[in-house]
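Open the model in your viewer and keep the selection tool at hand. The stops below follow one after another.

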Amino acid sequence: MFDFSIVTNWIHQTLTSLMPEGLAVFIECVAIGICILLMYAVLAVILIYMERKVCAFFQCRLGPNRVGKWGSIQVFADVIKMLIKEIIELKHADKFLYELAPFMVIIASVMAFSCIPINKGMEILDFNVGVFFLLAASSIGVVGILLAGWGSNNKFSLIGAMRSGAQIISYELSVGLSILTMVVLTGSMQFSEIVANQADGWFIFKGHIPALIAFVIYLIAGNAETNRGPFDLPEAESELTAGYHTEYSGMHFGFFYLAEYLNMFIVASVATTIFLGGWMPFHVVGLDGFNAIMDYIPGFIWFFGKAFFVVFLLMWIKWTFPRLRIDQILSLEWKYLVPISLVNLIIMVLIVVFGLHF
(Lines give C-alpha, C1' and ligand atoms only; values in the text may rest on other atoms or scores of the structure.)
Protein backbone atom coordinates (compact mmCIF):
# COMPACT_ATOMS: atom_id res chain seq x y z
CA MET A 1 0.00 0.00 0.00
CA PHE A 2 1.54 3.30 -1.12
CA ASP A 3 2.35 5.76 1.69
CA PHE A 4 1.63 9.36 0.66
CA SER A 5 3.76 10.64 3.56
CA ILE A 6 6.78 9.92 1.32
CA VAL A 7 5.49 12.49 -1.19
CA THR A 8 4.49 15.09 1.42
CA ASN A 9 7.83 14.77 3.25
CA TRP A 10 9.69 15.22 -0.05
CA ILE A 11 7.67 18.35 -0.85
CA HIS A 12 8.35 19.77 2.62
CA GLN A 13 12.08 19.07 2.38
CA THR A 14 12.23 20.63 -1.09
CA LEU A 15 10.46 23.81 0.03
CA THR A 16 12.55 24.18 3.20
CA SER A 17 15.72 23.86 1.11
CA LEU A 18 14.59 26.77 -1.09
CA MET A 19 13.11 29.15 1.51
CA PRO A 20 12.79 29.72 5.28
CA GLU A 21 10.84 27.01 7.09
CA GLY A 22 8.12 29.41 8.26
CA LEU A 23 7.40 30.54 4.69
CA ALA A 24 7.44 26.92 3.49
CA VAL A 25 4.89 25.91 6.13
CA PHE A 26 2.70 28.89 5.17
CA ILE A 27 2.76 27.91 1.48
CA GLU A 28 1.93 24.31 2.40
CA CYS A 29 -1.04 25.44 4.51
CA VAL A 30 -2.36 27.64 1.67
CA ALA A 31 -1.97 24.78 -0.83
CA ILE A 32 -3.75 22.33 1.50
CA GLY A 33 -6.57 24.83 2.04
CA ILE A 34 -7.02 25.24 -1.72
CA CYS A 35 -7.03 21.46 -2.20
CA ILE A 36 -9.70 21.06 0.51
CA LEU A 37 -11.94 23.69 -1.09
CA LEU A 38 -11.48 22.17 -4.55
CA MET A 39 -12.33 18.71 -3.25
CA TYR A 40 -15.25 20.26 -1.37
CA ALA A 41 -16.63 21.75 -4.59
CA VAL A 42 -16.06 18.62 -6.70
CA LEU A 43 -17.71 16.35 -4.12
CA ALA A 44 -20.68 18.73 -3.85
CA VAL A 45 -21.26 18.57 -7.61
CA ILE A 46 -20.98 14.77 -7.65
CA LEU A 47 -23.28 14.33 -4.64
CA ILE A 48 -25.98 16.67 -5.97
CA TYR A 49 -26.03 14.86 -9.32
CA MET A 50 -26.02 11.49 -7.54
CA GLU A 51 -28.90 12.58 -5.30
CA ARG A 52 -31.04 13.49 -8.29
CA LYS A 53 -30.33 10.26 -10.13
CA VAL A 54 -30.88 8.07 -7.05
CA CYS A 55 -34.11 9.95 -6.27
CA ALA A 56 -35.31 9.42 -9.84
CA PHE A 57 -34.41 5.73 -9.66
CA PHE A 58 -36.42 5.17 -6.49
CA GLN A 59 -39.38 7.13 -7.82
CA CYS A 60 -39.32 5.54 -11.29
CA ARG A 61 -38.40 8.82 -12.99
CA LEU A 62 -35.56 9.89 -15.28
CA GLY A 63 -33.89 12.68 -13.35
CA PRO A 64 -31.72 15.28 -15.19
CA ASN A 65 -31.40 14.23 -18.84
CA ARG A 66 -31.52 17.39 -21.00
CA VAL A 67 -28.60 19.67 -20.07
CA GLY A 68 -25.52 17.81 -21.28
CA LYS A 69 -25.06 14.08 -21.73
CA TRP A 70 -27.29 12.30 -19.15
CA GLY A 71 -27.99 15.71 -17.61
CA SER A 72 -24.39 15.93 -16.39
CA ILE A 73 -24.15 19.71 -16.91
CA GLN A 74 -27.37 20.47 -15.03
CA VAL A 75 -25.53 20.82 -11.71
CA PHE A 76 -23.02 23.27 -13.22
CA ALA A 77 -25.92 25.32 -14.62
CA ASP A 78 -27.45 25.40 -11.13
CA VAL A 79 -24.12 26.50 -9.64
CA ILE A 80 -23.84 29.38 -12.13
CA LYS A 81 -27.43 30.39 -11.41
CA MET A 82 -26.76 30.40 -7.68
CA LEU A 83 -23.55 32.42 -8.09
CA ILE A 84 -25.24 35.20 -10.09
CA LYS A 85 -28.44 35.41 -8.03
CA GLU A 86 -28.84 38.57 -5.98
CA ILE A 87 -28.09 38.37 -2.26
CA ILE A 88 -31.01 40.15 -0.60
CA GLU A 89 -30.26 42.29 2.45
CA LEU A 90 -32.91 42.35 5.18
CA LYS A 91 -33.79 45.64 6.83
CA HIS A 92 -34.60 44.47 10.35
CA ALA A 93 -32.23 41.53 10.61
CA ASP A 94 -29.17 41.33 12.85
CA LYS A 95 -26.80 41.84 9.94
CA PHE A 96 -23.65 40.55 11.65
CA LEU A 97 -25.23 37.27 12.80
CA TYR A 98 -27.19 36.96 9.55
CA GLU A 99 -23.97 37.19 7.51
CA LEU A 100 -21.94 35.04 9.91
CA ALA A 101 -24.30 32.03 10.03
CA PRO A 102 -23.58 30.50 6.56
CA PHE A 103 -19.84 30.76 7.13
CA MET A 104 -20.13 29.05 10.52
CA VAL A 105 -21.86 26.11 8.87
CA ILE A 106 -19.23 25.89 6.11
CA ILE A 107 -16.30 26.24 8.55
CA ALA A 108 -17.65 23.43 10.73
CA SER A 109 -18.03 21.22 7.68
CA VAL A 110 -14.51 21.94 6.38
CA MET A 111 -12.90 21.37 9.80
CA ALA A 112 -14.64 18.01 10.16
CA PHE A 113 -13.70 17.08 6.60
CA SER A 114 -10.03 17.78 7.37
CA CYS A 115 -9.92 14.96 9.95
CA ILE A 116 -10.70 12.18 7.49
CA PRO A 117 -7.74 9.98 6.38
CA ILE A 118 -8.23 9.37 2.66
CA ASN A 119 -5.13 7.20 2.24
CA LYS A 120 -2.08 6.13 4.22
CA GLY A 121 -0.12 9.31 4.88
CA MET A 122 -2.87 11.39 3.24
CA GLU A 123 -4.52 12.99 6.25
CA ILE A 124 -4.52 16.70 7.11
CA LEU A 125 -5.28 16.64 10.84
CA ASP A 126 -4.13 13.48 12.58
CA PHE A 127 -3.56 13.52 16.33
CA ASN A 128 -4.34 11.37 19.31
CA VAL A 129 -7.71 13.00 20.07
CA GLY A 130 -8.95 13.08 16.49
CA VAL A 131 -12.35 11.62 17.37
CA PHE A 132 -12.98 14.31 20.00
CA PHE A 133 -11.87 17.02 17.58
CA LEU A 134 -14.20 15.72 14.87
CA LEU A 135 -17.19 15.68 17.23
CA ALA A 136 -16.34 19.16 18.54
CA ALA A 137 -15.79 20.65 15.07
CA SER A 138 -18.98 19.18 13.64
CA SER A 139 -20.95 20.56 16.59
CA ILE A 140 -20.14 24.12 15.51
CA GLY A 141 -22.59 23.72 12.63
CA VAL A 142 -25.61 23.84 14.96
CA VAL A 143 -24.44 27.27 16.15
CA GLY A 144 -24.57 28.53 12.57
CA ILE A 145 -28.09 27.15 12.14
CA LEU A 146 -29.31 28.82 15.33
CA LEU A 147 -27.66 32.10 14.30
CA ALA A 148 -29.39 31.90 10.91
CA GLY A 149 -32.81 31.56 12.52
CA TRP A 150 -32.20 34.27 15.10
CA GLY A 151 -30.38 36.72 12.82
CA SER A 152 -33.10 36.56 10.13
CA ASN A 153 -35.64 38.15 12.49
CA ASN A 154 -38.28 35.80 11.11
CA LYS A 155 -40.45 33.78 13.48
CA PHE A 156 -40.73 30.86 11.05
CA SER A 157 -36.97 30.81 10.55
CA LEU A 158 -36.47 30.85 14.31
CA ILE A 159 -38.89 27.94 14.80
CA GLY A 160 -37.08 25.98 12.08
CA ALA A 161 -33.70 26.76 13.68
CA MET A 162 -34.90 25.66 17.13
CA ARG A 163 -36.30 22.42 15.71
CA SER A 164 -33.07 21.77 13.85
CA GLY A 165 -30.97 22.60 16.91
CA ALA A 166 -32.94 20.26 19.15
CA GLN A 167 -32.72 17.51 16.55
CA ILE A 168 -28.97 17.85 15.93
CA ILE A 169 -28.02 18.13 19.60
CA SER A 170 -30.16 15.08 20.43
CA TYR A 171 -28.80 12.83 17.70
CA GLU A 172 -25.19 13.88 18.34
CA LEU A 173 -25.46 11.76 21.49
CA SER A 174 -26.17 8.57 19.54
CA VAL A 175 -23.46 9.41 17.01
CA GLY A 176 -20.95 9.93 19.82
CA LEU A 177 -21.93 6.72 21.61
CA SER A 178 -21.67 4.69 18.39
CA ILE A 179 -18.20 6.08 17.68
CA LEU A 180 -17.20 5.56 21.33
CA THR A 181 -18.21 1.91 21.04
CA MET A 182 -15.63 1.42 18.29
CA VAL A 183 -13.04 3.51 20.17
CA VAL A 184 -13.39 1.02 23.03
CA LEU A 185 -12.77 -1.83 20.58
CA THR A 186 -9.69 -0.27 18.97
CA GLY A 187 -8.27 1.44 22.07
CA SER A 188 -7.40 4.65 20.22
CA MET A 189 -9.01 7.95 19.23
CA GLN A 190 -6.54 8.60 16.41
CA PHE A 191 -8.12 7.97 13.03
CA SER A 192 -4.93 6.68 11.40
CA GLU A 193 -4.51 4.09 14.17
CA ILE A 194 -8.17 3.10 13.93
CA VAL A 195 -7.66 2.36 10.22
CA ALA A 196 -4.32 0.60 10.86
CA ASN A 197 -5.99 -1.72 13.38
CA GLN A 198 -8.31 -2.93 10.62
CA ALA A 199 -5.51 -4.29 8.43
CA ASP A 200 -6.46 -7.86 9.39
CA GLY A 201 -10.22 -7.27 9.12
CA TRP A 202 -12.75 -4.45 9.13
CA PHE A 203 -14.42 -3.70 12.43
CA ILE A 204 -17.86 -4.30 10.94
CA PHE A 205 -16.80 -7.99 10.60
CA LYS A 206 -14.53 -8.52 13.61
CA GLY A 207 -16.37 -6.32 16.12
CA HIS A 208 -19.09 -8.87 16.77
CA ILE A 209 -22.79 -7.91 16.96
CA PRO A 210 -22.13 -4.65 18.95
CA ALA A 211 -20.18 -3.28 15.97
CA LEU A 212 -23.07 -4.04 13.60
CA ILE A 213 -25.58 -2.44 16.01
CA ALA A 214 -23.33 0.63 16.39
CA PHE A 215 -23.08 0.89 12.58
CA VAL A 216 -26.86 0.85 12.10
CA ILE A 217 -27.43 3.37 14.91
CA TYR A 218 -24.68 5.59 13.48
CA LEU A 219 -26.32 5.62 10.04
CA ILE A 220 -29.72 6.55 11.50
CA ALA A 221 -28.33 9.22 13.84
CA GLY A 222 -25.94 10.59 11.22
CA ASN A 223 -28.79 10.96 8.75
CA ALA A 224 -30.79 12.86 11.38
CA GLU A 225 -27.84 15.06 12.31
CA THR A 226 -27.48 16.24 8.72
CA ASN A 227 -31.19 17.22 8.59
CA ARG A 228 -31.94 14.80 5.79
CA GLY A 229 -35.12 12.84 5.20
CA PRO A 230 -37.01 11.38 6.91
CA PHE A 231 -35.59 13.73 9.56
CA ASP A 232 -35.80 16.94 7.46
CA LEU A 233 -38.40 18.74 9.58
CA PRO A 234 -36.47 22.05 9.52
CA GLU A 235 -37.17 22.20 5.77
CA ALA A 236 -40.80 21.07 5.78
CA GLU A 237 -41.97 23.72 3.35
CA SER A 238 -45.67 23.23 4.10
CA GLU A 239 -45.29 24.36 7.71
CA LEU A 240 -41.93 26.12 8.13
CA THR A 241 -41.36 27.72 4.71
CA ALA A 242 -37.96 26.04 4.26
CA GLY A 243 -36.88 26.45 7.85
CA TYR A 244 -33.87 28.35 9.16
CA HIS A 245 -32.63 29.51 5.71
CA THR A 246 -35.94 31.03 4.58
CA GLU A 247 -34.49 34.55 4.34
CA TYR A 248 -31.28 33.57 2.54
CA SER A 249 -30.70 33.89 -1.19
CA GLY A 250 -27.86 33.50 -3.67
CA MET A 251 -24.66 31.96 -2.37
CA HIS A 252 -25.72 32.50 1.24
CA PHE A 253 -28.37 29.87 0.62
CA GLY A 254 -25.84 27.95 -1.45
CA PHE A 255 -23.57 27.56 1.59
CA PHE A 256 -26.34 25.87 3.58
CA TYR A 257 -27.20 23.71 0.56
CA LEU A 258 -23.60 22.61 0.01
CA ALA A 259 -23.00 21.99 3.72
CA GLU A 260 -25.89 19.51 3.83
CA TYR A 261 -24.34 17.37 1.11
CA LEU A 262 -20.79 17.62 2.42
CA ASN A 263 -21.98 16.79 5.93
CA MET A 264 -23.62 13.72 4.47
CA PHE A 265 -20.30 12.76 2.88
CA ILE A 266 -18.50 13.38 6.18
CA VAL A 267 -20.96 11.07 7.96
CA ALA A 268 -20.28 8.44 5.29
CA SER A 269 -16.51 9.00 5.53
CA VAL A 270 -16.49 8.56 9.31
CA ALA A 271 -18.54 5.37 8.94
CA THR A 272 -16.05 4.17 6.32
CA THR A 273 -13.06 5.00 8.54
CA ILE A 274 -14.37 3.50 11.77
CA PHE A 275 -16.49 0.56 10.61
CA LEU A 276 -15.40 -0.35 7.06
CA GLY A 277 -11.61 -0.17 7.30
CA GLY A 278 -11.07 3.26 5.76
CA TRP A 279 -8.56 2.92 2.91
CA MET A 280 -7.77 -0.70 3.85
CA PRO A 281 -8.52 -3.24 1.07
CA PHE A 282 -10.91 -6.15 1.48
CA HIS A 283 -9.09 -9.31 2.54
CA VAL A 284 -10.33 -12.88 2.97
CA VAL A 285 -8.35 -15.09 5.35
CA GLY A 286 -6.68 -17.94 3.45
CA LEU A 287 -7.08 -16.42 -0.03
CA ASP A 288 -3.58 -14.98 -0.46
CA GLY A 289 -3.89 -14.54 -4.24
CA PHE A 290 -7.17 -12.66 -3.92
CA ASN A 291 -5.72 -10.50 -1.13
CA ALA A 292 -2.65 -9.68 -3.24
CA ILE A 293 -4.88 -8.49 -6.08
CA MET A 294 -6.90 -6.34 -3.67
CA ASP A 295 -3.67 -4.75 -2.43
CA TYR A 296 -2.95 -3.43 -5.94
CA ILE A 297 -6.02 -1.18 -5.79
CA PRO A 298 -4.96 2.24 -4.38
CA GLY A 299 -6.17 3.06 -0.89
CA PHE A 300 -8.02 6.23 -1.89
CA ILE A 301 -10.04 4.18 -4.41
CA TRP A 302 -11.10 1.87 -1.58
CA PHE A 303 -11.94 4.85 0.63
CA PHE A 304 -14.09 6.70 -1.90
CA GLY A 305 -15.77 3.47 -3.04
CA LYS A 306 -16.84 2.63 0.50
CA ALA A 307 -17.81 6.23 1.27
CA PHE A 308 -20.07 6.52 -1.78
CA PHE A 309 -21.61 3.15 -0.93
CA VAL A 310 -22.57 4.55 2.49
CA VAL A 311 -23.82 7.74 0.80
CA PHE A 312 -26.07 5.55 -1.35
CA LEU A 313 -27.42 3.89 1.82
CA LEU A 314 -28.18 7.33 3.30
CA MET A 315 -29.98 8.40 0.12
CA TRP A 316 -31.86 5.11 0.14
CA ILE A 317 -33.11 5.92 3.64
CA LYS A 318 -34.18 9.41 2.59
CA TRP A 319 -36.21 8.35 -0.43
CA THR A 320 -37.81 5.32 1.24
CA PHE A 321 -39.35 6.59 4.48
CA PRO A 322 -41.94 9.38 4.91
CA ARG A 323 -41.13 12.46 6.96
CA LEU A 324 -41.51 12.05 10.73
CA ARG A 325 -43.14 14.44 13.19
CA ILE A 326 -40.91 16.26 15.68
CA ASP A 327 -42.26 14.19 18.59
CA GLN A 328 -41.54 10.97 16.67
CA ILE A 329 -38.02 12.13 15.89
CA LEU A 330 -37.17 12.93 19.50
CA SER A 331 -38.92 9.80 20.81
CA LEU A 332 -36.84 7.65 18.46
CA GLU A 333 -33.66 9.20 19.81
CA TRP A 334 -34.33 9.40 23.56
CA LYS A 335 -36.52 6.33 24.03
CA TYR A 336 -34.78 3.91 21.68
CA LEU A 337 -31.43 4.88 20.17
CA VAL A 338 -29.79 6.29 23.32
CA PRO A 339 -30.71 3.32 25.58
CA ILE A 340 -29.69 0.82 22.89
CA SER A 341 -26.41 2.70 22.34
CA LEU A 342 -25.61 2.70 26.06
CA VAL A 343 -26.32 -1.04 26.43
CA ASN A 344 -24.34 -1.70 23.25
CA LEU A 345 -21.39 0.28 24.64
CA ILE A 346 -21.46 -1.75 27.87
CA ILE A 347 -21.50 -5.01 25.90
CA MET A 348 -18.50 -3.87 23.84
CA VAL A 349 -16.63 -2.95 27.03
CA LEU A 350 -17.29 -6.44 28.41
CA ILE A 351 -16.13 -8.04 25.16
CA VAL A 352 -12.85 -6.10 25.29
CA VAL A 353 -12.29 -6.64 29.04
CA PHE A 354 -12.74 -10.41 28.76
CA GLY A 355 -10.70 -10.60 25.55
CA LEU A 356 -13.47 -11.97 23.38
CA HIS A 357 -12.65 -9.75 20.38
CA PHE A 358 -10.47 -10.93 17.49
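Is Arg323 buried, partly exposed or exposed? Select Arg323: at 37% relative accessibility, Arg323 counts as partly exposed. (Buried means under 20% relative accessible area, exposed over 50%, partly exposed in between, with a 1.4 Å probe and protein chains only.)

Before moving on, note the ground rules. This is a predicted model, where local features need pLDDT of at least 70 and side-chain atom pairs count only at pLDDT 80 or more, while totals for chains, interfaces and linings use all residues. Residues are numbered from 1 along each chain as its sequence is written, and side-chain values use heavy atoms, with hydrogens and water left out.

**Salt bridges**

(A salt bridge is a side-chain nitrogen of Lys or Arg within 4 Å of a carboxyl oxygen of Asp or Glu.) The pair links distant parts of the chain: Asp232 sits in the loop between α9 and α10, Arg323 in the loop between α13 and α14 (326-353), 91 residues apart. (Helices are DSSP runs of H or I, at least four residues, numbered from the N terminus.) Asp232 is buried, at 13%.

The structure holds 7 salt bridges. Next, select Glu260 and Arg228, whose closest N and O atoms are 3.1 Å apart. Glu260 lies in helix α11 and Arg228 in the loop between α9 and α10 (237-240), so the pair ties together parts 32 residues apart in sequence. Arg228 is buried at 0% relative accessibility, and Glu260 is buried at 12%.

Now select Arg325 and Asp327. Their side chains form a salt bridge at 2.9 Å, N to O. Then show Glu51, Arg228, Glu260 and Lys318: salt bridges that share partners join them into one network.

**Helix α13**

**His252**

Stay with α11 and pick His252. His252 is buried, at 6%. Leaving aside neighbours within four places in sequence, His252 contacts Ile87, Tyr98, Glu99 and Pro102. (Contact means heavy atoms within 4.5 Å.)

**Cysteines**

Finish on Cys55. Its sulfur is 11 Å from the closest cysteine sulfur, in Cys60, too far for a bond. Cys55 is buried, at 7%.

Technical notes
Disulfide = S-S within 2.5 Å. Helix = DSSP H or I, 4+ residues; strand = E, 2+ residues; numbered from the N terminus.
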